[in-house]
Amino acid sequence: MKMKTLQEVLLFLHQKWKIKVKHFSQSKEKKFEVDKNKYKRTIDFPFDKIRPQEMLSWLDYSSQGWIILSSDLTIKFINKKALSLIRFIKYKDVIGKAINDINELELLRNKILYSRKKDFPVSIDFTIAGEPIWANIVRGSKKNYLILLESKLSIESIKKRQNQLINDVSHELKTPLTSLILIGERLEAVVSKKDRYLVKRLKKESKRLRKMAEETLELSKLESSESFNKNKKISISDLVMESWQTLKPLADKKNIKINLFIPTKYYISGDIENLKRAFINILDNSIRYSPTNEEIQIEIFKRDSSVVIRVRDKGIGLEENEYNDIFSRFYRGDPSRTKFKKSGSGLGLSITKKIINNNKGFIKAFNHKDGGAIVETIFPCINTDI
């Protein structure tokens, strides 16, 4: 395609702008003179120094959909955004085709023919696979056309669709993964000894994937606040101790003790069941990364109007780039940090962060100056007489 097509579109708009300026009164012409000169500088673009393919490659990364049609209404250019909006994957399926041969764009043909009689852009709202789309049709010289496409979905609508997709996929994965685990258990009893390790690997990976599907589903529910109960007054020290008791058999295997420092009782308001899940994740993480025969230090203290819960393990600590990464989805730390044989999904601390945030709290991780990692959670402290 020749670059003059794009240039002609811009020049066409410029000429129409000049015509409109002439219709203004003399008093307003001075106001627009500056704008006219500014627009002229914009048009004064070094087309001769930029190759057509280079310009088109820039348009390919635009957040707005671009389609350029020739006079016979065949598609000469389409960028990545427009391709995704009309539900196509490959350029070769679209380039060179007439617009009325593309089902998703057939509605635009009548609008384009209508625009031939007009000297201004024509807009249209329509839908593609249920998604509302806005299109703006601009006619150039020699009856070339530029079509700009944009999705009219709100950010909330897009997020809702994404969550629904995650829910559906995660839910559908649970059943076949459970079947794989059961098949693995049956195979373990009949395969030869030399192949038994393969069956054990199959079971281990199937369990990890099932856990990942379950936790992805749980995280999606947390993000939509579907699983939160009514806030209650909670003793933070009691909550931490209950969480520790749940994990004590795990800690006993490594002979890990807890060193809990609480000068006084502090209370927060939140969803007790979800918060218990969050602190089980935090303490489980500390046990996993702690050396055998060590202790985990837990401090609960007040800072201004907030209560701080600080959990420190005695492991080798975190890399600086991990301070935020460990709360990202599917992030799994360096295996050299632990000898604890547990297959994680990489979602535990993402779930923890979401629970903490939804309960008006804040969580962060960093290293202690004397070694080991610290996970610190902060909540608004409430009065004891509530």
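Guide: Two strands are said to pair if DSSP finds at least two bridges between them; strands (E, at least two residues) and helices (H or I, at least four) are DSSP runs numbered from the N terminus. The model is predicted, so local features need pLDDT of at least 70 and side-chain atom pairs pLDDT 80 or more, while totals for chains, interfaces and linings use all residues. Residues are numbered from 1 along each chain as its sequence is written, and side-chain values use heavy atoms, without hydrogens and water.

Visitor: In which sense do β10 and β12 pair, and over how many bridges?

Guide: Strand β10 covers residues 306-312 and β12 covers residues 373-380. Between these strands, S306 has P380 as its bridge partner. The pairing is antiparallel, over seven bridges.

Visitor: Which strands stand at the edges of the sheet with mixed pairing?

Guide: That open sheet has five strands in the order β7-β9-β10-β12-β11. Two of them have a single partner strand each, so one side of each lacks a neighbour in the sheet. These are β7 (257-261) and β11 (362-367).

Visitor: What angle does the direction of helix α11 make with that of β11?

Guide: Helix α11 (residues 348-358) packs on this sheet, touching β11 and β12, where contact means heavy atoms within 4.5 Å. Axes are lines fitted to C-alpha atoms, for helices over the stretch in contact, and angles run from 0 to 180 degrees between N-to-C directions. The angle is about 135°.

Visitor: Which residue in β2 is the bridge partner of I68?

Guide: Another open sheet, with antiparallel pairing, has the order β2-β1-β5-β4-β3. In it, β1 (residues 65-69) and β2 pair over three bridges. The partner of I68 is F77.
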